[in-house]
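User: Hi! I'm new to this one and would like a friendly tour. Could you put it up on the screen?

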Amino acid sequence: MNDLSQTFLVSFQNSAVALAVLGSGGLLLIGLLTGVWKYLAIMSSEKSRAPYYVDIAHRASLMYSFSALVLAVLAGLSVWSPIHNFWAVTANLVYFVAAISTYVIHGALRDTSNQLARPHRLGKATLPNILISGFMWSLIVAEVGGTVVLLSGATVRLWPVITQV
């Protein structure tokens with residue numbers, strides 16, 4: 001067994017990897033459950049369509065579940081400290097779940113087909129632009145930043161493997 005294989009096997013004892021794998025499973029389950037919701041909505045609709053954000057919640061949950069697996073692999077290969085990797089994974093997962101939660105809320109309320117359109121609606125309420133803008137910028141920083149941390153850590157470990165060719 002080479003060093004890279006050993007690193008990968010040991011990585012499942014790493015808290016960042018464990019969190020990402022469990023997060024992936026949870027997101028997959030949400031994707032499956034929103035898929036049931038989508039199916040029931042389609043079957044009860046005269047136009048055979050689910051509410052816009054029910055469909056988005058379903059698809060996003062499935063995509064985020066696979067993204068979390070990529071994060072798990074990157075965290076397992078990363079040379080950075082376990083705490084750095086853990087928080088990088090956590091930042092991504094928190095915002096994955098937060099985004100899906102907003103989709104589920106809009107799907108349940110059937111209040112919009114574009115949550116970023118102004119005025120920002122939440123049921124009958126109007127949300128301030130700064131709230132939505134702030135959330136989106138914090139999401140961008142957390143998801144991109146967390147991924148950059150994990151990818152850079154994995155790159156440091158994998159670059160020597162690539163250059164052996």
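User: Thanks! To start, how many helices and strands are there in the protein chain?

Analyst: Welcome! Please keep in mind that this is a predicted model. The protein chain has five helices and two strands.

User: In what order do the elements run from the N terminus?

Analyst: The order is α-α-α-α-β-β-α.

User: And what box do the C-alpha atoms fill?

Analyst: Taken along the principal axes, the box is roughly 60 × 35 × 30 Å.

User: What share of the residues count as buried?

Analyst: Of the 165 residues in the protein chain, 35% count as buried.

User: Let's go inside, then. Which residues touch the most other members of the largest nonpolar core?

Analyst: Those are L27, Y64, V89 and L150, in a core of 26 residues. Two or more residues of this core come from each of α2, α3, α4 and α5. The element that gives the most is α3, with ten residues.

User: What about contacts in general: what share join residues at least 24 apart?

Analyst: That share is 73%, counted among contacts in the protein chain between residues at least 6 apart in sequence.

User: New topic: charges. How many salt bridges does a search of the whole structure find?

Analyst: The search finds two. In one, D55 pairs with K38, and their closest N and O atoms are 2.5 Å apart. D55 belongs to helix α3 (residues 52–77) and K38 to helix α2 (residues 15–44), so this pair ties together parts that are 17 residues apart in sequence.

User: Is D55 buried or exposed?

Analyst: D55 is buried, because its relative accessible area of 17% falls under the 20% cut-off. K38 is buried as well, with a relative accessible area of 17%.

User: And which residue forms a salt bridge with D55 in the second pair?

Analyst: That is R59, with the closest N and O atoms 3.1 Å apart. R59 and D55 both sit in helix α3, four residues apart, or about one turn of the helix. R59 is partly exposed, at a relative accessible area of 49%. Together, K38, D55 and R59 are linked in a network of salt bridges.

User: Nice. Switching to pockets: how much space lies in the largest pocket?

Analyst: About 250 Å³. The lining of this pocket has 13 residues, and T102, H106, Q115, L127 and I132 lie nearest the centre.

User: Which elements supply at least two residues of that lining?

Analyst: They are α4 (82–109), β1 (120–122) and α5 (129–162). The largest share, four residues, comes from α5.

User: How do the lining residues divide into nonpolar, polar and charged?

Analyst: Eight are nonpolar, four are polar and one is charged.

User: Is R110 buried or exposed?

Analyst: R110 counts as exposed, with 60% relative accessibility.

User: Last one: where is G145?

Analyst: G145 is in helix α5. At 29% relative accessibility, G145 counts as partly exposed.

User: How far apart are G145 and S78?

Analyst: They are 67 residues apart in sequence and 14 Å apart in space, C-alpha to C-alpha.

Terms used
Residues numbered from 1 in each chain as written. Predicted model: local features only at pLDDT ≥ 70, side-chain atom pairs only at ≥ 80, totals over all residues. Heavy atoms only, no water. 1 Å grid on protein atoms, 1.4 Å probe; cavity = no way out; pocket = protein on both sides within 12 Å on 5 of 7 lines; lining within 4 Å. Points joined across faces, edges and corners; volume = space filled by probe spheres on them. Nonpolar A, V, L, I, M, F, W, Y, C, P; charged D, E, K, R; others polar. Salt bridge = Lys/Arg side-chain N within 4 Å of Asp/Glu carboxyl O. Buried < 20%, exposed > 50% of the residue type's maximum accessible area, 1.4 Å probe, protein only. Core = buried A, V, L, I, M, F, W, Y, C linked by side-chain atoms within 4.5 Å. Contact = heavy atoms within 4.5 Å.
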